[in-house]
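Please work through each task with the sequence and coordinates at hand before reading the solution.

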Amino acid sequence: MAGTRRARIVAAYGRRFTAETQDDDGPGERIDCVTRGKRGGVACGDWVDIAPAGDGGVIERVLERTSLLYRADAVQEKLIAANVTQALVMVATWPGWDEDLLVRCLVAAEHAGVQVRLLLNKIDLADRRAGARKALAVFEGACAITELSALDGADAVRPLLAGQVSVLVGPSGVGKSSLVNALVAGADAATGQVSVALDSGRHTTTHARFYHLDAQSALIDSPGMQVFGMHAVGADALDAQFPEFRPYLGKCRFRDCRHLQEPDCAVRAAAEDGAFAAVRLTHYVRIRRSLSPS
Ligand SMILES: Nc1nc2c(ncn2[C@@H]2O[C@H](COP(=O)(O)OP(=O)(O)OP(=O)(O)O)[C@@H](O)[C@H]2O)c(=O)[nH]1
Ligand SMILES: [Mg+2]
Ligand SMILES: [Zn+2]
């Protein structure tokens with residue numbers, strides 16, 4: 001169609017979006033755009049074709065994605081980011097994290113098929129660092145873990161982002177936007193104080209946003225989350241999203257073993273042998289039962 005332009009979604013505000021064209025020598029022009037239908041289906045990071053309309057444009061088409069990170073409950077889907085190569089799941093020494101939510105974030109990131117890394121932020125809060133690190137040790141078999149302080153410059157993280165399109169996900173108040181500000185000159189992302197009374201952040205970031213780090217690398221900031229539906233993963237694909245289980249999958253007596261109480265379950269046997277942290281099986285069972293109670 002005449003006048004159609006290809007661009008990447010760099011900010012997603014519900015049904016409104018900002019897209020950015022790409023010139024040979026870097027980022028081009030920004031276009032305000034909307035979707036044609038009522039429903040979204042467009043995520044930060046998506047490449048789209050935009051037809052001109054008024055001062056902005058209408059999204060005609062979403063190009064095929066290399067990855068999509070999203071959460072879904074029985075009713076709706078919430079797209080988090082598209083075309084990323086790495087998910088950085090962030091927690092902080094304070095406020096503390098909800099373990100079930102953290103597990104769900106990690107499962108969704110695995111399910112998206114991207115590289116997964118756990119970030120423990122605010123290690124400058126020295127009295128909380130050791131306790132937090134110990135609590136995260138159960139995830140050592142699942143993914144790499146990096147400790148940092150976004151307020152102290154975050155240089156530990158920079159090499160991990162090189163050549164990647166990374167998305168920051170995690171609960172409110174852990175310092176996702178603070179890390180963006182530490183890494184991206186002029187980003188000026190809003191940050192908010194943690195509420196001591198609620199022991200939680202205040203949901204300062206309300207929409208996902210794409211930032212260039214250099215010509216090859218980018219970082220997407222996303223709103224803090226409180227719930228993370230696993231319907232997109234589904235009960236049958238759940239076990240494969242636990243990296244520790246993978247060597248044992250297909251080795252249970254029953255081909256359709258759910259690893260709940262079936263006899264000769266290779267996954268349960270591995271957990272009992274200490275091949276990985278036994279609590280990981282508890283994490284799995286909790287989500288599995290929430291998806292198909294039986
Ligand atoms: N001590 C300390 N505080 C930090 C650090 N990083 C961020 N903070 C503080 O934590 C609070 C929350 O930071 P944000 O960057 O707004 O957190 P967020 O994860 O983006 O939160 P949402 O946008 O609500 O999801 C702010 O008061 C930050 O100053 C850190 O490394 N150390
Ligand atoms: Mg934020
Ligand atoms: Zn089994």
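The exercises below proceed from the overall fold to individual residues.

The model is predicted: local features need pLDDT of at least 70, side-chain atom pairs count only at pLDDT 80 or more, and totals for chains, interfaces and linings use all residues. Residues are numbered from 1 along each chain as its sequence is written, while chains are lettered from A and ligands numbered from 1 in the order in which they are written.

**Exercise 1. Overall fold**

Task: Determine how many helices and strands the protein has, and characterise its dimensions.

Solution. Step one is the assignment of helices (DSSP runs of H or I, at least four residues) and strands (runs of E, at least two), numbered from the N terminus. The protein has six helices and 13 strands. Its radius of gyration is 20 Å, close to the 19 Å given by the globule rule for 294 residues, so the protein is as compact as a globular protein of that length. Here the radius is taken over C-alpha atoms, and the rule is 2.2 Å times the number of residues to the power 0.38. Step two concerns extent: the C-alpha trace spans about 65 × 45 × 35 Å along its principal axes.

Step three concerns burial and contacts. A residue is buried if 20 or more other C-beta atoms lie within 10 Å of its own, exposed if 12 or fewer, and partly exposed in between, with C-beta atoms placed from the backbone. By this criterion, 40% of the 294 residues count as buried. Two residues are in contact if their C-beta atoms, placed from the backbone, lie within 7 Å. Of the contacts with a separation of 6 or more, 63% are between residues 24 or more positions apart.

**Exercise 2. The nonpolar core**

Task: Identify the residues with the most contacts inside the largest nonpolar core.

Solution. A nonpolar core is a set of buried Ala, Val, Leu, Ile, Met, Phe, Trp, Tyr and Cys residues joined through C-beta atoms within 7 Å. The largest one has 78 residues, and those with the most contacts inside it are Ala43, Leu69, Ala81, Ala87, Val89, Ala109 and Val167. Helix α1 (residues 99–111) supplies the largest share of this core, seven residues. For Leu69, once neighbours within four places in sequence are set aside, the contacts are Ile80, Ala81, Val84, Ala87, Ala108, Ala109, Ala112 and Val167. In soluble globular proteins, nonpolar side chains tend to be buried together.

**Exercise 3. Ligand 1 and helix α4**

Task: Describe the shell around ligand 1, and state which helix gives the largest share of that shell.

Solution. A residue belongs to the shell if its C-beta atom, placed from the backbone, lies within 6 Å of the molecule. There are 25 residues around ligand 1, and Gly175, Ser178, Thr191, Thr205 and Gly224 come nearest. The shell divides into six nonpolar, 15 polar and four charged residues. In this count Ala, Val, Leu, Ile, Met, Phe, Trp, Tyr, Cys and Pro are nonpolar, Asp, Glu, Lys and Arg are charged, and the others, Gly among them, are polar. Helix α4 (residues 176–183) contributes the largest share, three residues. Eight of the eight residues of α4 are buried. These buried residues pack against several elements, including β8 (86–92), β9 (115–121) and β12 (208–212).

**Exercise 4. Strand pairing**

Solution. Two strands pair if DSSP finds at least two bridges between them. A hairpin of two residues links β2 to β3, and Asp23 stands opposite Gly26 in β3. Strand β3 also pairs with β5 (residues 56–62), in the parallel sense over three bridges; Thr35 has Ile59 in β5 as its bridge partner.

**Exercise 5. Backbone particulars**

Solution. Asn83, in the loop between β7 (77–82) and β8, has phi near 60°, a positive value in a residue other than glycine. Asp264 has a positive phi near 50° and is found in the loop between β13 and α5 (266–272). Asp264 counts as exposed, with 11 C-beta neighbours inside 10 Å.
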